[in-house]
Amino acid sequence: MTIQLVLTQLLNGLQFGVLLFLLAAGLTLVFGIMSFVNLAHGSLYMLGAYFAATAYEQSGNFGLALLAAIAGCVALGYALERAAISRLYGRDHLDHVLATFGLVLFFNEMARIVWGPQPYFLPLPAAFESTVDLLGISYPSYRFAIIVTGLAVAVGAYLLMHKTRLGMLIRAGAVNPAMVAALGVDIKLLNAILFSLGAALAGLAGVMAGPIMSIQSGMGEPVLITALVVIVIGGIGSVSGAFYAALIVGVADTLGRAFLPTLLRELASRDVANAAGPALASMLVYLLMAVVLALRPQGLFPAGRTR
Amino acid sequence: MNKKHIAACAALALAGMGAAQAQVKIGFSAPLSGPVAVVGQDQYDGFMLALEQSGGKLGGQAVTVLKEDDQLKPEVGNQVIRKFIEKDRVNAIVGLGFSNVLMGSLKVITDAGTVAIATNAGPSPIAGASCAANVFSTAWQNDGAAESMGKYMQENGYKRVYLMAPNYQAGKDMLGGFKRYFKGQIIDEVYTQVGQTDYSAEIAQLQAARPDAVFAFYPGGMGVNYIRQLSQAGMLTKLPNFSVFTVDGTTMPALREAAIGTTFSAMWDAALDNPENRAFTAAFSAKYKRVPSAYAAAAYDAARLLDVAVRKAGAQAADKRALAAAVKAAGAEFKSVRGPFRFNKNNMPVQNYYAFQVLNDGGRPAVKAVATPLSAHVDSYGAKCSLP
Amino acid sequence: MTIWIALKRPAMLVPALLLAGLALVPCVATAVDQPFYIVFFARILVYAIAASALNVALGFGGMVSLGHALFLGIGAYSVAIPAFYGIDNGWVHLAVCIAACALVGLLTGAVSLRTTGIGFIMITLAFAQMGYFVFVSLKQFGGDDGTPITATSRFFGQDLGQPLTVYAVAFAVLCLVIWWSARLRAAPFGMVLRGARQNPRRINAIGLQAKRYQLAAYVMSAVLCGIAGMLLANLTAFASPATLGWVVSGDLIVMIVLGGIGTVFGPLLGALAFLGAEELLKSVTEYWQAVFGLVIFLVALLRTAGLAGLLERLSPHGLVASGDSASAQPTPPAGGTRQVHPEANPYPVAGGGA
């Protein structure tokens, strides 16, 4: 267990965390402001990847594919919000869970119908096919690019929320939507924009994950569950909470998967370690969430304090 | 549609043969949805291609094929098999999905005695103590390909190897089979979560361990992710890469150039040069516009096996025991696309396992057979089986 | 109020007829030589029991648990693990099932009830996922592949592994559960529970501890779900971690909502409708999941009171308080679909609604 290995795993954790943040940001905003639990967010992530794959097949240009995917997700997000999601505001969370559960099934099957069951192919952009050497380790430059992009988005999100009028409206809407509407702001449009923004972020995450992971129907659900864990740990409605929680979860999960089995092998027999190690590593994130919920149910960085 | 009726052929057959014709019903069950749907689809297409080539008949008798999706879930597979056996009264079940789904339905199948031909698996229990006279595999016994790779690496002088596989029965079988024939040093044996998409953590561990070579088993989407991430980390050029069921017909379209430089072992590949295979690969590519995988080949062989078996059984085809015996005997008689084939006493295939390399053919991947580490290989579980 | 007058109302008549029909299935199936349907309907019965169990927690108690598949799985493995060691005594299986589910239900319920709303949903999901990973790690018992059960439960010399036997037992258990939950609903305990769902503060103000009642209901629901799991394992002669997946939990919730939350017959109607529709759709199109997903979406959107509510609407209002077969929400104000629930955002968005 060298320092280089730990460093590499830290970077891996950071990269995973950043991807989670992209998903969690949209999810937590929609939840905090419209109080809407959106299980179909993972489907937007999946469709972003599919749109990019198709766009790449047509154009051969990764940048174009990226733009096309984000545009597609924004359009889809807007349409979805106007047609389906907005009819469910103010309802019980159970209705949200059910409705979006149905949408997940629908989108997964539609993806299979439109694109077929085989895994799809999105290549690495040519500029990122190498590795970067930093701090003595050799790290895939594409993953490094993901980290940089994710951090840039985080900064952008902060600037949006705190330095623009739209951000101000969003924050106000989180506290008192009725008042915002009474002040003459078109709250319907605001909600639609917000949802589309979340969809765009999810699509971006999907495109960025595309070159690393295979693009296929149902790829959104595992990531979605982890993203839900992130927003619960971070605090519903808080984007900065989602950021910190995403990093914590990403690093914990990666380090856990990497080092727990080795650690266990020091403490217990090899058979036990081989069996319990992966299980414990998978459970780690959920244990973390359970502990946070038990001790501090409002999350680690709840909205309304310092955003 | 779920249920395909080849009724037109049946009518023709009836008119043509004149004499009283029994209808042969085949129940086809495979994962047709979800992340491994491509595997199930390949099997179905392979089976139907053979059927089409024999005029919609098996052994001269008209055939109805009922197609069901087991969704890679043992519970669903159990229901589907029950339906085939109790409601549809099929003569034979083909497909049977992955090892876990197969094991979930095993009791129902062995209790009923209906002929069941697995075209995707051969888990060690059904090769050993739980073997049955009516359960066959035209694919492989799970350990076979891994054993072959182990022997190949042993013979080619690799001393320190790092192993990786997903954490389920087939994963353990693969690595166990590898270790049976590879006598060098195993640096580490890593089991990852089934369905895991990101292997960055494990790849970092692999880099730090500095082995001579890495051997892995990652079927379906997992294989695509694993190989591509290895390639992105620059590991494919630095570390000799060996695998089974990771680089194959189902994953190559997504891997493309990323697979170049890897070596894998299987009982079949489209690159195999024998007359049956050349005909099969050409027909499959022409009809379905893609290169077949070993799963398609296994299903194609299953149909051809049934053709010989049903002809052998003749009027007795409706009798479960007679058909099972006919299938067993037909194993040595039908011409497989993979080369020599027969059934072991536990109904597992006795076949060659080849080593293939993915070479760079002007920037595009091309598969080439480089060795036959195991010929006419008998699996290691036969002794535990009590069949004669 | 005699049973005959009660039966005249569709809300009671239809479920009674369905139950009678289900009782006759084994005879009919054997008569037409289609034993497959015994297994098919047995599965529906088992899921109806599981849904009824969840209904106690979700429908009566308002606890939206997205992790009840955990108890289904524990019940299944409480047959599989002793069977692995050759123990086929049904009473042992039952004892293990009840003990394990009660213990796990108590622990997870106690922790989960510290949260409300989405937190509760997520933490129950987390516990189910943890259970899933625990069972996947049990290599001896097949891990991810699951384990076939060779020694099914034996009670009084009868083997539950036989389709007819497990059908009969499941039917009996279902009837018991339905009767029990009807009694529970109207009993003081049930009243407090339903009050805790609607307004926990008031219940606490009266002097009753809402959380205690909810925890008790959660544990009872867990044990019943475990029994359903036991029956499922005997039916399929197989246990696998896939039973603990969140999709299974989601399916159970869909069944309850489809049938009518908080009603007595709702889970049975929902299970019949859900599994029946699934089978029907499968024979119509290969892409049935797309249609199914849309149907589920519409059911959630239209906020129907479920099939039980529909039947209730067709029945003339009698003296029998069949309870609020309408949804867990109070009836919506005229002209709007916006509904207020104590746990929802106190300031619902003004722009929603269709």
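Biologist: How many residues does the contact take from chain C and from chain A?
Modeller: 48 from chain C and 48 from chain A. Contact here is two C-beta atoms, placed from the backbone, within 7 Å. Before going on: this is a predicted model, where local features need pLDDT of at least 70, side-chain atom pairs count only at pLDDT 80 or more, and totals for chains, interfaces and linings use all residues. Residues are numbered from 1 along each chain as its sequence is written, and chains are lettered from A and ligands numbered from 1 in the order in which they are written.

Biologist: Which element gives the most to the side of chain C that touches chain A?
Modeller: α6(C), with 13 residues. Helices are DSSP runs of H or I, at least four residues, and strands are runs of E, at least two, numbered from the N terminus.

Biologist: And how does that side divide into nonpolar, polar and charged?
Modeller: 29 nonpolar, 15 polar and 4 charged. Ala, Val, Leu, Ile, Met, Phe, Trp, Tyr, Cys and Pro count as nonpolar, Asp, Glu, Lys and Arg as charged, and the others, Gly among them, as polar.

Biologist: Switching to chain A. Is A111(A) buried or exposed?
Modeller: Buried, because A111(A) has 24 C-beta neighbours inside 10 Å. The cut-offs are 20 or more other C-beta atoms within 10 Å for buried, 12 or fewer for exposed, and partly exposed in between. A111(A) lies in helix α4 (residues 93–115) of chain A.

Biologist: Leaving aside neighbours within four places in sequence, what is A111(A) in contact with?
Modeller: M46(A), Y50(A) and S217(A). S217(A) is 106 residues from A111(A) along the chain, with 5.9 Å between their C-alpha atoms.

Biologist: Now strand β4 of chain B. Why is it largely enclosed?
Modeller: Because 9 of the 9 residues of β4(B), residues 61–69, are buried.

Biologist: In which sense does β2(B) pair with β4(B)?
Modeller: Parallel, over 7 bridges; pairing needs at least two bridges found by DSSP. One bridge has G27(B) with L66(B) in β4(B) as its partner.

Biologist: And how many bridges join β3(B) to β4(B)?
Modeller: 2, and those strands run antiparallel. A62(B) in β4(B) is the bridge partner of K57(B). The hairpin of β3(B) and β4(B) has 2 residues between the strands, and G59(B) takes a positive phi near 60 degrees there.
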